[in-house]
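This report describes helix packing in a predicted model, with attention to one helix and its neighbours.

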Amino acid sequence: MLKRASIGLMSLALAVWITGCSEQESPAPEGSKGEATAPAADAKPATANGEIVVYSSRKEHLVKPLFDRFTEETGIELSYITDSDGPLLARLEAEGERTPADLLITVDAGNLWQAAKQGLLQPVESQVLEDNVPAQFQDPENRWFGLSVRARTIVYSTERVKPETLSTYENLSTGDWEGRLCLRTSKKVYNQSLVATLIERHGAERTQQIVEGWVDNLATDVFPNDTSLMEAIVAGQCDVGIVNTYYFGRLQKDNPHIPLALFWPNQQTSGVHVNISGAGVTAHAKHPKLALQLLEWLSEGEAQAMFAGLNMEYPVNPEVAVDPLVKTWGEFKADDLNVAVAGKRQVEAIKLMDRAGYR
Amino acid sequence: MTTTVSSSVSGFRWPSRWRRPGWLQGAALVLALMVGAPLLVIALSWGDVHADIWVHLAQTQLTRLIGNTLVLVAGVATLVLLLGVPLAWFTATCEFPGRRVFDVALMLPLAVPAYVMAFVMVGLLDYAGPVQTTLRGWFGPQVAFSFRGTTAVVLVMSLVLYPYVYMLARSAFLAQGREPLEAARVLGRGPLAGFLQVALPMARPAIVAGTALALMETLADFGAVAVFNYDTFTTAIYKAWYGFFDLQTAAQLASLLLLFVLSGLYLERRGRGSARYFQTGRRRRSSSRIVLTGPRAWLVSLWCALVLAVAFLVPVGQLLIWLFDGAWRQWDGRYLDLVAHTLSLGAIAAVITVTAAFLLALYRRSYQTRLAGSVVRLATVGYALPGSVLAVGIMLSFNWLDAWAARIQAALGWEVQPIFVGGVLALLLAYTTRFLAAAFGPVETSLDRIKPCIPEAAATLGARPPEIARRIYLPMLAPGLLTAALLAFVDVMKEMPATLLMRPFGWDTLAVRIYELTSEGLWEQAALPGLSIVVVGMAPVIIMVKRSAH
């Protein structure tokens, strides 16, 4: 019994020692008193050598190719962590002046607006950014800048919907679409931003009617993501939905004959709802100049094509051509509100959707 | 002979410096402070109440969310018990076709992350999935049903969580030995009555520990319920934080969740009363199993096979299909690094966590004071917190240390930079805080099985505490410690939010990769890291189960 147990413990300790050794940063703990001798926090933060540190809620596979290219071109090393916006902002705020982060990248304007409001970003003066990023896609106080544009539009079944019966987001709340509409959950920030702009245009009362109309027209419970929503349309559970274009692009890439198509709504009125993925230099950046250099580089030609192209989004820089597949969806008039509205009215939008029963 | 009722230790008395070594209390208190600090940070969030958010939540959803949560908890509790306990009984005490395989295999769903299970099941069984599409093809559109309601959530959560109950109940049944059942039979009870009136009450602490783990994970879960868009109390926490940008209200909601869990645990303790559970540690021999024959044996086999198929083979099969469909392209040079990081973090964290759990259990047993009870409860309740909330609590408490470190650095004229946040140590302590409860259950139940008279006998024979620890406690505890290490290891591998927030630069793990892909909706692409977690988790599961079966 004793022998077996000690063999077990020893093999566990050995396993720890072996795996521990494979990591240079972590000295092996000795035996079971692990917590006393666990690897001290001497794993060097990669900030020491004048490298840029990025906190990103844009996912690794969408940013790493760009970072690699940047390092190749400039010789400047980069390190980064990815996480959701909430935890990243909490970490930035808690670290305060000690933060190693130089640049914050998010996937929507609302969180950039919030970061700026909490004083986590600093204003920068840059003619390059002013030239490359249209005014509606940057902070009026220059604390953050859009890097790609994400359009949230209507998707419909080509088998059961004639595109001429579609017109606006607002129209989806009318009786014509009863039992035919699919929506993604209101917990997703993309829907919160859409409703925020509706409030900006129409006021709270009218917007609540619209959202209540949507809820009445739902064919089934709301979906956890855009992809499953579109699969439900294909399967015939509903006929129309509201999605970000790149999710449609992915399905179309896998299956060019998918019986779905995009419709650009509100072309006679406010235009298609757009949001951004963007970035800002952190308030306590250790390398603000390098961070700005990276930000400017990201807003220029080749990087822009990559940044948007990797995820079939639209480049924020109007000079840069869109991805060929994206181009086939046609041109559209986009909403010209400043995307900061999404942040400003986010809380209001969520409360409104809660009251309207949009879960 | 086995006693199930407490006998106050009479006759022999330990010298008090052995019975209650001072360093043990000191170590336990320090430990509790370390893992309790993040909870304290969360509990201290009540300084400032944002009334408008509270009023809004109360008016629009709190009632519904609490109702949903209670239904979910009750449903999962029922189903994990109905699945876990009988399966454990069959594999631990009976003999039927395939028992040896099922014995191990029924543990395997533990290696499947809940969010993966949820996504696979909804993908297969909801309206647009292959099952319903086929059914509609045969019977027409009227067969449509929704696989996103309460029943579906309860089912999916229970399928991944029943192994906690199965594992702990199984080792309890194995440890009971044959004698109590034989005694029951002599007294005229059949096998069923023996199970219900003897074996089950004796295994109660283990079963409760397993169920508590399952329920705490249910309460903490956000990933799986989000797939169903099933709103629970955790949903409100995230809504306050991500939606209303109000981390403080989120922390207040989280502390209410903690209060709920503490009351639940307290009620169970009271319900158990003063009963103590000791055993003589003689293991069941395989020859003494109840041999099932004929249709009964096949029914049991069939039932085991069914549970195994739904809870393990289906999700793994789906992951394999995605892998061959193209997810293998996720393989690149850095993939082995991910696996190495996952393994080393899991192994180191498992050792630390089990050591901590052992210290705490020993402390509570040696002291048996109210303080000891409270310390332990505080140290193990963190498991019920949603991962990101706990992660932020941990991050904030380490950040506080960093603030002090920064003063020292500045005073010494060094470059000021964070030492703790973003270091390996902080991440390991985060894991310890999160999974101490998972490790504590098996450690404590196995410690409970050591009758006080055994170490006392050793002491009367002149053995000193270190020798008693080495020659009595360790061997008798070994299965429990290994079980605890396994649970911690597998849990750490699956852990996502704390890893994301606190990992050092470049220390990405398999779970991080899964997050990267799934949060972009690329579920199919996540098949490679998902399968890797399952495969890596399978090895320790098999080793542990085999070892504890002897």
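In helix H2(B), Met34(B), Val35(B) and Pro38(B) meet Leu429(B), Thr432(B), Thr433(B) and Leu436(B) of H19(B); two residues are in contact if their C-beta atoms, placed from the backbone, lie within 7 Å. By class, this contact of H2(B) with H19(B) holds 5 nonpolar, 2 polar and no charged residues. Here Ala, Val, Leu, Ile, Met, Phe, Trp, Tyr, Cys and Pro count as nonpolar, Asp, Glu, Lys and Arg as charged, and the others, Gly among them, as polar. Helices (H or I, at least four residues) and strands (E, at least two) are DSSP runs, numbered from the N terminus.

The model is predicted: local features need pLDDT of at least 70, side-chain atom pairs count only at pLDDT 80 or more, and totals for chains, interfaces and linings use all residues. Residues are numbered from 1 along each chain as its sequence is written, while chains are lettered from A and ligands numbered from 1 in the order in which they are written.

| Pair | Axis separation | Angle |
|---|---|---|
| H2(B) and H19(B) | within 10 Å | roughly 85° |
| H16(B) and H19(B) | within 7 Å | roughly 50° |
| H18(B) and H19(B) | 10 Å | about 135° |

Axes are lines fitted to C-alpha atoms, for helices over the stretch in contact, and angles run from 0 to 180 degrees between N-to-C directions. H2(B) and H19(B) are therefore roughly perpendicular, and H16(B) and H19(B) are oblique. Angles under 35 degrees count as roughly parallel, over 145 as roughly antiparallel, 65 to 115 as roughly perpendicular and the rest as oblique.

H16(B) passes H19(B) in a right-handed crossing; a crossing is right-handed if the near helix is turned clockwise from the far one by less than a right angle, and left-handed if anticlockwise. The contact includes Ile348(B), Phe358(B) and Arg365(B) of H16(B), and Tyr431(B), Phe440(B) and Glu444(B) are among those of H19(B). Its classes are 17 nonpolar, 2 polar and 2 charged residues.

The crossing of H18(B) and H19(B) is right-handed. Leu390(B), Ala391(B), Ile394(B) and Phe398(B) of H18(B) face Ala426(B), Ala430(B), Thr433(B) and Arg434(B) of H19(B) in this contact, which divides into 6 nonpolar, 1 polar and 1 charged.

Elsewhere, chain A has 14 helices and 9 strands.
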